[in-house]
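My notes follow in the order in which I looked things up.

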Amino acid sequence: MDSVDTQVLKKAQEWIAAGQRGVLGTVVRTWGSAPRPIGALVAIRGDGQIVGSVSGGCIEDDLVDKIRTGSLQLERPQRVKYGVSAEEANRFGLPCGGTLELVLEPLTAQSKVDALLQRVAAGEQTARRLDLRSGEVTLSDGQGVAALAVDESALVSVHGPSWRLLIIGAGQLTQYLAEMALALDYQVLICDPREEYADAWSVAGTTLLRTMPDDTVVECRPDRHTAIVALTHDPKLDDLALMEALRSAAFYVGAIGSRKNQEKRKERLKEFGVTDAQLARLFGPVGLKNGARTPSEIAVSILAELTAVKYGYHIPQPVAGGVLAAIEAGCASP
């Protein structure tokens, strides 16, 4: 499953390969309540076909109209603003007087979209520099580069995974979690030394590691952009990973298992020298408490909790009940 940006770039590359005229737009600045974040992409073909989004739809409609009528025929990159005045903000559906600025560029073979996609597919974080005067594009290693930077001369955008997710265990739940995490632009690593699970692993875009979990965590050198989730249900594997993960700089460490099993796990980890402060970092039972039951629902709950932690949001405990509970209660009634 591709991220939104990758979907936009892949479609843009299809148009380039087919000799179709098109424009790529990147949100480079926002003021007020802008609908889409900095770095959001949209691509529009010459006949008006569109992929991606930079607003709720009104700005896209304006761009499509300009491309169809021929009033937007770019030879070089161009910067445009929407919502500068109250009238424009109202016209383009920007809330609370929001304003956004786009860099629009013509899509050609010189855009190097194909080379960029190859690097991203290989798991390489890549900085794409667009010269705003000439339209020339250069690609380089994106490590250590800000997500997006723009000035009068160039736009530098970073593509590829900037976050890592290490999952211990290659079972069915991991499959759903890995596929969804790829769509959220994580570099996904799967660790499972068990042949019966590792040999069957087949999720494209992930990296399978057959080493022992504690060795794997140490070798990965988790940083503040790394999340680690233990999903094997086997203490011999999960506990090994958690021992090292809780001592690392990983921004999120979670483990599957009931509350009772979590308490037992914490007692075991204490015996291996894991401190109370380190244990307090453990999310377990893993995932947002939303009543998830199936593997795919649990994967959603894990990524929901992981996303909240990533952005510093506190999710309150849910209120018991819900539609399904009400239905079941009704079915159980005499």
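I take two strands as paired if DSSP finds at least two bridges between them. The model is predicted, and I read every entry below with that in mind.

**The sheet.** With that definition I looked up the strand order, and I find an open sheet of six strands, running β12-β11-β10-β13-β14-β15 with parallel pairing. Since β12 (207-209) and β15 (282-283) stand at the edges and have a single partner strand each, one side of each is left without a neighbour in the sheet.

I then went to strand β10, residues 163-168, which runs parallel to strand β13, residues 226-230, and is joined to it by five bridges. Within this pair I noted Leu166, which stands opposite Ile228 in β13.

**Helices on the sheet.** Next I asked which strands helix α8 touches. Helix α8, residues 235-245, packs on the sheet in contact with β10, β13, β14 (252-255) and β15, and its direction makes about 160° with that of β14. I also looked up helix α11, residues 295-310, which packs on the sheet and touches β10, β11 (186-191), β13, β14 and β15, with its direction at about 155° to that of β14.

**The chain as a whole.** Finally I noted the totals: the chain has twelve helices and 15 strands, and buried residues make up 44% of its 334 residues. Of the contacts with a separation of 6 or more, 59% are between residues 24 or more positions apart.

How values were computed:
Residues are numbered from 1 along each chain as its sequence is written. This is a predicted model: local features need pLDDT of at least 70, side-chain atom pairs count only at pLDDT 80 or more; totals for chains, interfaces and linings use all residues. Side-chain values use heavy atoms; hydrogens and water are left out. Helices (H or I, at least four residues) and strands (E, at least two) are DSSP runs, numbered from the N terminus. Contact means heavy atoms within 4.5 Å. Axes are lines fitted to C-alpha atoms, for helices over the stretch in contact, and angles run from 0 to 180 degrees between N-to-C directions. Buried means under 20% relative accessible area, exposed over 50%, partly exposed in between (1.4 Å probe, protein chains only).
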